[in-house]
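I opened a notebook page for this protein and wrote down what I looked up, entry by entry. The sequence and structure come first.

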Amino acid sequence: MKRAFAGLAILLILSLTVAPLAVGAEAEVVYRRTSTDGVKRIALTFDDGPHPRYTPEILEILAEYGVKATFFVVGSNAEYYPKLIARELQEGHEIGNHTYHHYHTAKTNAAALKRDMAACSEVLLRQTGRPVRLFRPPEGVFNEEMKTFCAENGYTIVMWSIDTRDWAHTPIGEIVKNVREHARDGAIILMHDFIGKNSPTPAALRQIIPMLQELGFEFVTVSRLLQG
């Protein structure tokens, strides 16, 4: 019962902090965003964390190279590991909503997904002190109803233009090759900081970051990318 009331409360908070929208308005869906000032920018994003197995290692790598990233966190993981959320913020990274339970989207109705999204927002608002405005749907699946819901609650839906398939334990060399071949100004790279054992993500990052920096890319958060 407390969870239900909390979910309603967060929806009310969000509704009061965004401007009214025209009937039929839909949230912006972003796959990439090209800059307008001639600077090649690219965004690293990480889904499904935080988790003590790989998130700290990834944060250390990002700090080593001076890179800021966006973490789309699962609310239940955020509740288990609040210190990792605090660390992400302290180190200049950005937090996005990736629902509370990360249900399989194809097997979940829209009403349940909305509740799950609201529950994640509640956790992140409590931990960060501010509403989260970026949303990545589980498995990248959404419909028109979800787009309308996101628009009404002030969310931008953030997808990706480069799927590293680290979640599938793709060999490191293949991940790096995929990123190099598809890196473009404004690209959004999908990676994960919570995968089963033997994640290729940290080792791949150690090659991807310097490679893209040598190619002249500046790593930025998704919000910075959206500024164009």
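Which residue caps the N-terminal end of H5? I looked, keeping in mind that this is a predicted model. I found Asn 109 there: one of its side-chain oxygens lies 3.2 Å from the backbone nitrogen of Ala 111.

**Entry: helix H5**

I then followed H5 along its length. I counted 19 residues and a reach of 26 Å from the first C-alpha to the last, close to the 27 Å expected at 1.5 Å a residue. I noted that H5 is mostly covered, with 15 of its 19 residues buried. After the helix I came to Gly 129, whose phi is positive, near 80°.

**Entry: helix H6**

I turned to H6, which covers residues 144-152. At its start I found a side-chain oxygen of Asn 143 within 3.2 Å of the backbone nitrogen of Glu 145. The buried residues I listed in H6 are Met 146, Lys 147, Phe 149, Cys 150 and Ala 151. Following H6 I found Gly 154, with a positive phi near 80°.

**Entry: the whole chain**

I stepped back to the totals. The protein chain has 228 residues, and 52% of them count as buried. Its secondary structure comes to nine helices and nine strands. I looked at contacts between residues at least 6 apart in sequence, and 80% of these join residues at least 24 apart.

**Entry: cysteines**

How many disulfides does the count come to? I got zero.

**Entry: nonpolar cores**

I looked up the largest nonpolar core, which has 37 residues. The members that touch the most other members are Leu 44, Phe 46, Leu 62, Phe 71 and Leu 212. I noted that E2, H2 (55-65), E3 (70-73), H5, H7 (172-182), E8 and H8 each supply at least two residues of this core. H8 gives the most, with six residues. Apart from this core I found another, of 11 residues, among them Met 146, Tyr 155, Ile 157 and Met 159.

I then picked Phe 71 and listed its contacts, leaving out residues up to four places away in sequence. The list includes Phe 46, Ile 58, Leu 59 and Leu 62, and also Glu 88, His 93 and Asp 193.

**Entry: two loop residues**

Is Gly 38 buried or exposed? I located Gly 38 in the loop between strand E1 (29-30) and strand E2 (41-47). Its relative accessible area is 71%, and the cut-off for exposed is over 50%, so I wrote it down as exposed. I also noted that Gly 38 and Asp 185 are 147 residues apart in sequence and 9.1 Å apart in space, C-alpha to C-alpha.

Ser 199 sits in the loop between strand E8 (188-192) and helix H8 (201-214). Ser 199 has a relative accessible area of 13%, under the 20% cut-off, so I recorded it as buried. Its side chain makes a polar contact with the side chain of Thr 201, at 3.1 Å. Leaving out residues up to four places away in sequence, I found that Ser 199 touches Tyr 54 and His 169.

Key:
Residues are numbered from 1 along each chain as its sequence is written. This is a predicted model: local features need pLDDT of at least 70, side-chain atom pairs count only at pLDDT 80 or more; totals for chains, interfaces and linings use all residues. Side-chain values use heavy atoms; hydrogens and water are left out. Helices (H or I, at least four residues) and strands (E, at least two) are DSSP runs, numbered from the N terminus. Buried means under 20% relative accessible area, exposed over 50%, partly exposed in between (1.4 Å probe, protein chains only). Contact means heavy atoms within 4.5 Å. A disulfide is a pair of cysteine sulfur atoms within 2.5 Å. A polar contact is a pair of N or O atoms within 3.5 Å; within protein, one must be able to donate a hydrogen and the other to accept it, and residues adjacent in sequence count only if both atoms are side-chain atoms. A nonpolar core is a set of buried Ala, Val, Leu, Ile, Met, Phe, Trp, Tyr and Cys residues joined through side-chain atoms within 4.5 Å. The expected span of a helix is 1.5 Å times one less than its number of residues.
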